[in-house]
Amino acid sequence: MSAQIPAVRSTEQLREKWMKPEVITGSEILLRSLVLEGVECVFGYPGGAVLYIYDALYGFNDFHHLLTRHEQGAIHAADGYARASGKVGVCIATSGPGATNTVTGIATAFMDSVPLVVITGNVVSSLIGTDAFQEADITGITMPITKHSYLVRSVEELPRVIHEAFHIANTGRKGPVLIDIPKDVSANKTLFQPVQSIDLRGYNPKVVPNHHQLEKVAAAIKEAERPVILAGGGVVYSGGHEELLEFVTRTEIPITTTLLGLGAFPSGNPLWMGMPGMHGTYTANQAIQKSDLLINIGARFDDRVTGRLDGFAPHAKVVHIDIDPAEIGKNVNTEIPVVGDVKTVLELLNPLVSRSDKADAWRGQISQWLADKPYKYKDSDTELKPQWVIELLNDTTKGEAIITTDVGQHQMWTAQYYKFNHPRSWITSGGLGTMGFGFPSAIGAQMARPDRLVISINGDGGMQMCAQELAICAIHNIPVKVVVINNQVLGMVRQWQELIYENRYSYIDLAGSPDFVKLAEAYGVKGLRATNKEEAKQVWQEAMDTPGPVLVEFVVSKEENVYPMVTQGSTIDQMLMGDCE
Amino acid sequence: MTTTMTSHTIAVLVNDQPGVLQRVSGLFGRRGFNIESITVGQSEEEGLSRMVIVTQGDDKTLEQIEKQLYKLIDVIKVVNLSSKPMVARELALIKVKSEPAERPEIMGVVETFRAAVVDIGTNSMIVQVVGDTEKIDAMIELLHPYGIRELSRTGVTAMIRGNA
Ligand SMILES: Cc1ncc(C[n+]2csc(CCOP(=O)(O)OP(=O)(O)O)c2C)c(N)n1
């Protein structure tokens, strides 16, 4: 199950080779600096403004470079790489159209706090501002969607800029950093000496929390009768999942994990209530609404989680643990703010907390809800139900695969029916909801984790937004299993039109989609199709037994909706239960 | 926490980098914070500029503004000046119509306000006034009847009083 791309040498070996001070071009400085930052894989696409960089890449074997078929593919792949590995994802694009093609991916990473370093070329410095050929003000365009950005003025500052960019991307609240390099900067030479230290006066993320606040949290836990933990992506990003498990084990407080928090806590644990919010479980939403203590650990109270804000968790004292102080109090008033890195906070908090009997009746109530109101759908023997397909994938992989999804109904069904047990096993565009993300992000994830089974689950709509990257899987034999849940419509849009726009199905019919099996084959990837349960089991087994990349199309019913659902403007306990009733 | 909208004056010490004004003003625009005035100039330290921003909002908004500003890598320090005793000054140049016969009257207004006439033309003059925003508003109101041809205000710059 391993990618056929040769291993790169370790950074330790390469350090010695590349640490020697030498007069070299900006392009060579870039490549060496990337190696020294521990980069193993870069996703990119060449063009005029980055030709010096691509010239330096010719024959350069100290990290991989994958040529995607679209810059959007490259940036989502870099994102998937980062989410699967915890390292910084790197993407290279040329000026103008190359750079603007990365914008959706930068915004996607920004919303989900994913560390990326995006390198764009620009026209030569003397032409900047003249509307030169393929010029775009990419630092200006991306300012609201990057954590920080640099327009490099001279080759001398390049080593410092790259070093700072990696530091900023992967510390504090993580995020994408853009480095825009004019063509002359990549061509000019200077004495390269690797930068050893960082001096950023305005940037000091607070990792260690205030001890007094932790004591307040411990006291609140002792007093609470209906405590709930809401854990988010911050747990995964800080690497604090073990500390979280210990926290829950000590306190026996019921826990719900947000969409991005899936995998941060083992789904088999009896205290896990599933996901909250718009398509969350009855239990998680009821528990939040009735709680008297809500402990938010590394989640940002997104509106998909809170529903109508003025009716959210009306009885709860709110504790909010976050590395980003600006998140605290942004959406929900917080009684006990704790600023710090989740892992560090929990390490320090755990010795102070214990199980409280006061919450016993509450624990009973939660188990009752869990038993009474699980996710449910009406199965069929004549047609394939998408939920059944996800259950099939879950059963055959025992929740051990890395799953990436695109955006839509299939994404929510995967979140609901696949049982995650490990962090960094679930890769999805939560904040921006970017269609086209699912498949290329799986390529990045597979590059980061050649040892793991990577499955990408897509709708028939979103699959057509980055399908061209099948070429990469074929050429490099990247063994991603690409699943297309084909319901012949833009399913999630159809669902809203049915439930909120009175069945007025405006432009959701995907007639004219390609034959996905033939599409895969056209790229040299094995394609399989299933239209009923027997076929589904069979082709899925075949896909699993095939060493290389495979695309599997599951033709499912069109009318299926995702339930439960909280419609916009409702509080999260006002749920349409649909088939879950 | 109150939810009344009040005017706040904040000083932001920033790295003197290209684009830093765009980052700060972009942040206000994108997050729906209001800017009444914004001024930028050198600070006491080389390489750092000080921006003074006057904004409207309730306490919760002000807290978010400060926190969001701190997220910008080029922002070194944010001080809420209006929470402390401060000196706030603005400068305005007002070109007012003035036929020779009206001049003495206008000069009278200018003197009471301790403003200055910095240019005289055949039928207009330029008045320069420095002071807090209310003083400048009042000055403008008084000059209005004569006919204001051109008006240019700098926006507020400010500092905390005393040794702080
Ligand atoms: C780039 C982009 N464009 C539009 C949307 C709006 N949108 C959200 S879900 C959805 C439908 C997705 O359909 P499909 O890929 O077939 O997946 P399904 O919902 O059927 O599982 C659309 C159009 C989006 N999220 N991203």
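Trainee: How do the residues of the shell around the ligand divide into nonpolar, polar and charged?

Mentor: This is a predicted model, in which local features need pLDDT of at least 70, side-chain atom pairs count only at pLDDT 80 or more, and totals for chains, interfaces and linings use all residues. Residues are numbered from 1 along each chain as its sequence is written, chains are lettered from A and ligands numbered from 1 in the order written, and side-chain values use heavy atoms, with hydrogens and water left out. Ala, Val, Leu, Ile, Met, Phe, Trp, Tyr, Cys and Pro count as nonpolar, Asp, Glu, Lys and Arg as charged, and the others, Gly among them, as polar. The shell then divides into seven nonpolar, nine polar and one charged.

Trainee: Which element gives the largest share of the shell around the ligand?

Mentor: Helices are DSSP runs of H or I with at least four residues, strands runs of E with at least two, both numbered from the N terminus. Two or more residues each come from α18 (409-417) and α21 (491-499) of chain A. The largest share, three residues, comes from α21(A).

Trainee: Which strands of chain A stand at the edges of the sheet?

Mentor: Strands pair if DSSP finds at least two bridges between them. Six strands form an open, parallel sheet in the order β15-β14-β16-β17-β19-β18 (chain A). One side of each edge strand is left without a neighbour in the sheet because each has a single partner strand; these are β15 (426-427) and β18 (526-530) of chain A.

Trainee: What is the bridge partner of A:Arg529 in β19(A)?

Mentor: Five bridges join β18(A) to β19 (residues 550-555) of chain A, and the two run parallel. The partner in β19(A) is A:Glu553.
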